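Here are a few notes from my pass through this one, jotted down point by point. Have the viewer open while you read.

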Amino acid sequence: MSAPAASEATARAEVMIGAIHRMLDGLGHVAVGAASPIPGSAALLARALSGGRTRVSLLGSRRHNAFTDGGQELFDCAAQGRIDAFFLSGGEIDGRGNINLVGLGGYPASRVRFPGSFGSAYLYHLVPRIILFREEHTPRTLVERVDFISAAGSSPAGEYRPGGPQALVTGLCVFAFDKARGCFRLETTHPGISVSDVRAATGFNYDGPERVPETPPLSREALKLLRSEVAAQVAETYPAFAARTWGC
Amino acid sequence: MSAAPPRLSLDRLAASIPDGASLALPPSYSGCAMAAVAALIRREPRGLHLIGVPTGGLMADWLIGAGAVASIEAAAVTLDEHGMPPRFVDALQAGRIRMKDATCPAIHAGLQAAEKGVPFLPLRGILGSDLLKHRSDWRVIDNPMSRSPDPIVLIPAIRPDVALFHARAADRDGNVWIGVRRELMLMAHAARATCVTVEEIVDADFLADDDRASGTIPALYISAIAVAQRGADPIGLAGAYDPNHAAIAGYAAAARTQSGFDRWIAEHVLGAVPA
């Protein structure tokens, strides 16, 4: 890997971490699931900036995970309202906030098979702030309609649903989710990305003004904390990501 | 004590898992009984129904590649950062195995129902997911405790024939210490039989010490124990030894084809006959 490519990837990861950590400001308990290095970094950064007031449960970590009742505890916790924010991704995410973690091109013998739905079908309904993240922002990942709904973006009135999508953070931009209308609205674009870049790269329709602000960069203090203390914490659970992003 | 579960060789332990059994397996972050799965493959079982608690990984892929599996129920099947399990993907696409896609808490709820001896547990969420369309065994009812309409999903009890996992230690009476890995406790409570491999058998009574006892599965749930040093290699065992990422990556690359899988298993698994 060449040096410029690596630093570009680092810059993109840091802008996504910056966008996500601002959504976690002031929360009591943030949980992070499997295969989520960028959200995990954002959660650990939010904790560091909160002076430890934000609790983080990083699944897959020995050190930053206080659960003692087995794999089931996260889910019991979520259903009781003890988790304020969680992160989900998808092989496909559609304009209604539906996510697909199962596969493309038919079911069960999918043409492309993904690992599976994990806890999404449940946590999406129960955790108040679900932040969707997907670094690859292309028409094949952000689609009009997912091939398989692992977890639905919204529910009919009358269904018990304290949780749902709050935002979608990609390698290009930040979308907010409009719960009432059940669709996304473009909020900010990352440095160097235009609204037309986002439109061209997105397979679903969304509300987008002609001009949006740039995704704010991390403060100097936050960036320093991220690259030192937080990067070392991230390396415990995501060594390859930490090495690639910060050389630690 | 006469009530202690039998200590078996790995091969005898594997032989106690019959063809066609439903077999509950832990996730990669818990106690993966890799040495026991190797022994199981040596006896060429057929028609197993795997249950990933709540996900399947390398154990499942080895068994699928060995032709031992008819179906798998799991919330996901994955080799984590090493990508999709190649034999699972191939078998699914060729229609050689049946996948019952689930979601993590549904697997836990099914086992918890079995643990309580009740036919089902209700669970929030899931409504609107395509999982429901493909799981005719999951039901939606109107919450009978509510005055207003409140649809809720019922998950039927999952009672595995056998739970199989690896743990750090057993004591002389067959009590098995699992520490904080309490999904292993849930598996043992729910299954008809529980086969465990351990790093060592300690001449002690874990139940006599409150600190130990709180993380210990009592022998009453344990059907058989075999000693397997480094029995979770190459997945690793938290608190004891790390994953061997080079070995897992080597497997993931080799097993893209059936012949590659056969060679890799012959060299790394079947060849490594334990003493």
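**Notes on the fold and the contacts**

1. Starting with chain B: for contacts between residues at least 6 apart in sequence, 74% link residues at least 24 apart. Keep in mind throughout that this is a predicted model.

2. How does the radius of gyration of chain B sit against a compact globule? It agrees: a compact globule of 275 residues would come out near 19 Å, and chain B has 19 Å.

3. On burial and secondary structure, 53% of the 275 residues in chain B are buried. If you want the cut-off behind that, a residue is buried if 20 or more other C-beta atoms lie within 10 Å of its own. Chain B has 10 helices and 14 strands.

4. Between the chains, the contact draws 35 residues from chain A and 39 residues from chain B. Which elements of chain A give two or more residues to the side that touches chain B? Those are α3 (73–79) and α4 (120–126) of chain A. The largest share of that side, 6 residues, is from α4(A). Sorted by class, the side of chain A that touches chain B contains 18 nonpolar, 13 polar and 4 charged residues.

5. Last, a sheet in chain A. This is an open sheet of 3 strands in the order β5-β4-β9, and the pairing is mixed. At the edges sit β5 (99–100) and β9 (142–143) of chain A, each pairing on one side only. Do β4 and β9 of chain A run parallel or antiparallel? Strand β4 (residues 92–94) of chain A is joined to β9(A) by 2 bridges, and the two run parallel. To find the spot in the viewer, look for Asp94(A), which stands opposite Val143(A) in β9(A). As background, strands of a sheet pair through backbone hydrogen bonds, either parallel or antiparallel.

Notes:
Residues numbered from 1 in each chain as written. Chains lettered and ligands numbered in written order. Predicted model: local features only at pLDDT ≥ 70, side-chain atom pairs only at ≥ 80, totals over all residues. Contact = placed C-beta atoms within 7 Å. Helix = DSSP H or I, 4+ residues; strand = E, 2+ residues; numbered from the N terminus. Nonpolar A, V, L, I, M, F, W, Y, C, P; charged D, E, K, R; others polar. Rg over C-alpha atoms; globule rule 2.2 N^0.38 Å. Buried ≥ 20, exposed ≤ 12 C-beta atoms within 10 Å, placed from the backbone. Pairing = 2+ DSSP bridges.
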